[in-house]
Amino acid sequence: RNQRERECCMVKFGTKEYFQAWADLINKDADYLKLMKGMNVKMLLKFTSKPEFSLGYRYEDGKIVDLHIAHVEEKADFVLEGARARWAALAKRKLDVLDSVRSGKLKLTGPLTRALPYMKGIKYSIEQLDRLTGVEF
């Protein structure tokens, strides 16, 4: 369990507000920013089960910017998608993001060689989801 300070917010899991609270948290995290330095890509997160939801954002030198609800036809460098229950399990640290991609529980599309140097940072950022308190699942 991460001993870092927990962030409090009352948000519903899987909403733009939830992911904005996460982005605000990790964008202030020096460890995360060091791991992600130099990452400049557009990303989509997709929930493939009801209610379906897609979120877009950009990494700008590792910082998450321009977080928005994505349109169905929106394109990105990378897309990470999976069922809502899998995303919830990630947020509760019951699943590991890298293991989930390897096993097919989550699908990652994009030029993986571009992502490889940042996998530790991506894993770290997902692990920070459990620092958000007051989340309604």
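Just after helix H3, Arg93 takes a positive phi of about 60 degrees. Helices (H or I, at least four residues) and strands (E, at least two) are DSSP runs, numbered from the N terminus. This is a predicted model: local features need pLDDT of at least 70, side-chain atom pairs count only at pLDDT 80 or more, and totals for chains, interfaces and linings use all residues. Residues are numbered from 1 along each chain as its sequence is written, and side-chain values use heavy atoms, with hydrogens and water left out.

**Helix H3 and what follows**

- H3 is mostly covered, with six of its eight residues buried. Buried means under 20% relative accessible area, exposed over 50%, and partly exposed in between (1.4 Å probe, protein chains only).
- Arg84, Trp87, Ala88, Ala89, Leu90 and Ala91 are the buried residues of H3.
- Their cover includes H1, strand S2 (41-47), strand S3 (53-60), S5, H4 and helix H6 (119-127). Contact means heavy atoms within 4.5 Å.
- Asp96 sits in the loop between helix H3 (84-91) and helix H4 (97-103).
- Asp96 counts as buried because its relative accessibility is 18%.
- The Asp96 side chain reaches the backbone nitrogen of Asp99 at 2.8 Å.
- Asp96 also touches Leu90, Lys123 and Glu127, leaving aside residues up to four places away in sequence.

**The nonpolar core**

- The largest nonpolar core has 41 residues. Such a core is a set of buried Ala, Val, Leu, Ile, Met, Phe, Trp, Tyr and Cys residues joined through side-chain atoms within 4.5 Å.
- Helix H1 (residues 16-26) gives the most to this core, with seven residues.
- Phe19 is among the residues with the most contacts inside the core. Phe19 touches Gly14, Leu45, Phe47, Phe53, Leu55 and Leu67, not counting residues up to four places away in sequence.

- S3 is largely enclosed by the rest of the structure, because six of its eight residues are buried.
- S2 and S3 run antiparallel, joined by seven bridges. Two strands pair if DSSP finds at least two bridges between them.
- These two strands form a hairpin with five residues between them.
- S3 and S4 also run antiparallel, with five bridges.
- Gly56 is the bridge partner of Leu44, and His68 in S4 is the bridge partner of Gly56.
- Asp61 takes a positive phi near 50 degrees in the hairpin of S3 and S4, which has two residues between the strands.

**An exposed loop residue**

- Lys75 lies in the loop between strand S4 (63-69) and strand S5 (78-82).
- Lys75 counts as exposed because its relative accessibility is 67%.
- Lys75 touches Lys42 and Leu44, not counting residues up to four places away in sequence.

Note on methods: Polar contact = N/O pair within 3.5 Å; in protein donor to acceptor, adjacent residues only side chain to side chain.
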